[in-house]
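I opened my notebook to record what I looked up in this structure.

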Amino acid sequence: MASKAPRENIDESKLTVTKPKSKAVGLPAVTNALKISLEQMGPLRSVQTLLAVNQVDGFDCMGCAWPEHDKRHTAEFCENGAKAVAEEATRRRVTPEFFASHSIAELKTRDDYWLGQQGRLTHPMLLDEGATHYRPVDWDDALELVAQEIRDMDNPDQAVFYTSGRTSNEAAFAYQLLVRGVGTNNLPDCSNMCHESSGSALVETIGIGKGSVSLKDVETASLIFVAGQNPGTNHPRMLSSLEKAKKNGAVIVSVNPLPEAGLLRFENPQNPVGMLVGTELTDDFLQIRAGGDQALFQGLGKYLLEAEGAGRTSPGLQTVLDHDFINNHTVGLNAYLKQLEDVAWEDILEATGLTMDQIKASGERLLASKATIVCWAMGLTQHKHSVPTLRDVVNVLLLQGNIGKPGAGVCPVRGHSNVQGDRTMGIFEQMPEKFHDRLDHEFQFLSPRAHGYDTVAAIRAMRDGKVRVFVGMGGNFVRAAPDSETTEQSLANTRLTVQISTKLNHSHLATGRRALILPTLGRTERDTQRTGDQRVTVEDSMSAVHASRGRLKPASEHLMSEVAIVCNLAHRLFTDREGHPLPNTPKAAWLALRDDYSLIRKHIEAVLDGFENFEEKIQNPGGFVLPHRPRDAREFDTASGKAHFTANDLEYLRVPEGRLILQTLRSHDQYNTTIYGKDDRYRGIHGGRRVVLVNESDVAELGFENGDMVHLVSEFRGTERRAENFRIVSYSTPKGCAAAYYPETNVLVPLDSVADVSGTPTSKSVIVRLEPASAGSHE
């Protein structure tokens, strides 16, 4: 039997600190995964569920977007994937009786861990205006309430429709059609807060905002940079691919402010030798100063240019640079080379915190490489200068022709399991005209063309009283967004907040005047509609689309699938009492789409390139791979028809004396805003989360000692934000840099501190000072 949910919040006074680990996965990971699975699901349900994860006839893991091989292991999941599955397939339930017993005020005192551990939501719930408790409401009344609030709006842009990256392709496509039928492009999503910088840089430079590599490329590369990423916690199955690459002779360079156990040594639980011996993955560890990655890649480009001038060569070339590729497939080289000549090595070294010998060593790795891949995640995307940083990553790859050849390319590693698929389906506030034209032709209406709100713009609009209705399709918006207090206050300005959710979280407590919780099926659960059991599809980080089918009995008979929620709401909004389409709305048979998801796939096939014969293609065990012209043919959908070198001024943070650069990050017992447990065992943190990791010399210079309690105070444009009662942990970080867990520290991230071009919050470069906790509380 599953264990009961915890009765209290995490007791931070019981936090202990041990030496960080130098290896990852292995037997402890297996043991912990099984422990949590048994606690949440019990033995029989654990076996039934875990053996179906990522199987060709099972369901796609909701934990991350790392792809699978056609040939699957019996246990095709990692520790954090098992945790994600266990949390969704838990036997714990949050019933109407729970809400009757707990007021909103009381629930607000509970931490993220406690809320998430209570279990699955079972009934639609309504918070009336002025009420202290949610009460149950039937589905018809709930959906009519949403529809009426939308009908009563003065203009379509008074509604905001947020999306989590766990949403399936079918639900996402129906959702964006609903939103555009309402008349707005206000479609903020979780990608705005994570990989928007990647998409912005890649669309500009290579013409498509997606990675260009396959699993085979990763496993056959000569050189792999893993920058600003912690695969051991965030994408553990990636370690298996890096292990294969290593055994095939690859060199791996890790670039990160913190040493991460998973990139040091990987003990593969899928085979006995891997468990006993393990594999050292990282050849070179560059402990870079937070935000110094642009300087590193400019330094690498400069090193290649100087080597070219010295008459050196790279494998298979008579020179260092691939002039054939550059001449035939790129533009903009001269401006980029001029910028490299002008940038000073002194600035590069200051920005990176590295030595010249370290950068030269990585430059030599590039010179010796036949095929190079750069992988990255949030460590590169959440700075003010993230888009220029990623342009400079592309620049270095273009110099040696590392786009569109085996074992080479760009590899942004996405988090949520279908965040890339949702964007493909149209979950974006500024889709291209081609998409709108095809959508309009397929559904015989005129979709809005004006760009909508991204996540930060949506919060600002709610803050300014411009939004009447907020709808969240999955996720935990209030805890994922920056500037937590401002976000909560902004949601309170709306008339209605609607959260389509599987589990309880803080977004259910940051409400408009009225609030709805609409409980939905999880990916592990059987989705039965009038035409029978349905399946959905997802797209992974490498553009592969495949089917997912849940097997478990739903947690409650009162759950509705995301597709059904969207289609039922759209039917109310866009049809008259006789079921005829209203003027100027999408001509879709909404109830038929609800009953048979294959009909949605037919519409997707008509609107989007690469989905021809969609239904037939997903019969294949591994699904199919969407076209990617730079990867497939070295063709680029840019204005010039070629890849673009770019000249980018070097940017990096210059931190005032007595201040630190804080990066927010996850613990190991965490996936995005979901807290699975109290530990971060790889970093040696046990039983608590309110810690700040600081370089030992900074601790002393700032007048503190290891273990002291402090308040974190961020400073931005004369405004301070506070996160109180954190324990200092002396840790291996670059001098001047610190780290702490989100969502607890999202309160420190200013709403108006965003990346240029992409608008992504700067969660990896927050300027903070430390105050002694004894200085008093500022609740």
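**Entry: ground rules**

I noted at the start that this is a predicted model, in which local features need pLDDT of at least 70 and side-chain atom pairs count only at pLDDT 80 or more, while totals for chains, interfaces and linings use all residues. Residues are numbered from 1 along each chain as its sequence is written, and side-chain values use heavy atoms, with hydrogens and water left out.

I took helices (H or I, at least four residues) and strands (E, at least two) as DSSP runs, numbered from the N terminus. I let two strands count as paired if DSSP finds at least two bridges between them.

I looked up an open sheet of six strands, whose order is 6-5-18-17-16-7 and whose pairing is mixed. Its edge strands are strand 6 (135-136) and strand 7 (159-163), each of which pairs on one side only. Within this sheet I followed strand 16 (residues 469-473), which pairs with strand 17 (residues 496-501) in the parallel sense over five bridges, and I found Gly472 opposite Gln499 of strand 17.

I then turned to helix 8, which lies across strand 7 and strand 16 and runs at about 170° to strand 7; here axes are lines fitted to C-alpha atoms, for helices over the stretch in contact, and angles run from 0 to 180 degrees between N-to-C directions.

Helix 8 (residues 169-182) has 14 residues and reaches 20 Å from its first C-alpha to its last, close to the 20 Å expected at 1.5 Å a residue. The expected span is 1.5 Å times one less than the number of residues. After helix 8 comes Gly183, with a positive phi near 115°.

Why can I call helix 8 largely enclosed by the rest of the structure? I can because 14 of the 14 residues of helix 8 are buried, where buried means under 20% relative accessible area, exposed over 50%, and partly exposed in between (1.4 Å probe, protein chains only).

I picked out Ala171, which has its place in helix 8 and is buried, with a relative accessible area of 1%. Leaving aside neighbours within four places in sequence, Ala171 is in contact (heavy atoms within 4.5 Å) with Glu562 and Val563. I also looked up Ala171 and Tyr303, which are 132 residues apart in sequence and 48 Å apart in space, C-alpha to C-alpha.

I found another open sheet, in which five strands follow the order 12-9-8-14-15 with parallel pairing. Strand 12 (284-286) and strand 15 (409-412) are the edge strands, each pairing on one side only, and neighbouring strands of this sheet are turned by 15° against each other on average, direction ignored. Strand 8 (residues 223-227) is joined to strand 9 (residues 251-255) by five bridges, and the two run parallel; Leu223 stands opposite Val251 in strand 9. Helix 12 (residues 238-247) lies across strand 8, strand 9 and strand 14 (372-376), and runs at about 150° to strand 8.

**Entry: two helices side by side**

Two packed helices are described by the angle between their axes and the distance between the axes. The axes of helix 15 (residues 293-309) and helix 21 (residues 386-399) come within 8 Å and cross at roughly 25°. Helix 15 and helix 21 are therefore roughly parallel to each other; angles under 35 degrees count as roughly parallel, over 145 as roughly antiparallel, 65 to 115 as roughly perpendicular and the rest as oblique. Among the residues that meet, I noted Phe297 and Leu304 in helix 15, and Val393 and Val396 in helix 21.

Is strand 22 (residues 544-548) mostly covered or uncovered? I found strand 22 mostly covered, with five of its five residues buried. Ala544, His546 and Ser548 lie on one side and Val545 and Ala547 on the other. Strand 21 (residues 536-539) runs antiparallel to strand 22 and is joined to strand 22 by four bridges, with Ala547 as the bridge partner of Thr537. Two bridges join strand 22 to strand 23 (residues 624-625), again antiparallel, and Val545 stands opposite Phe624.
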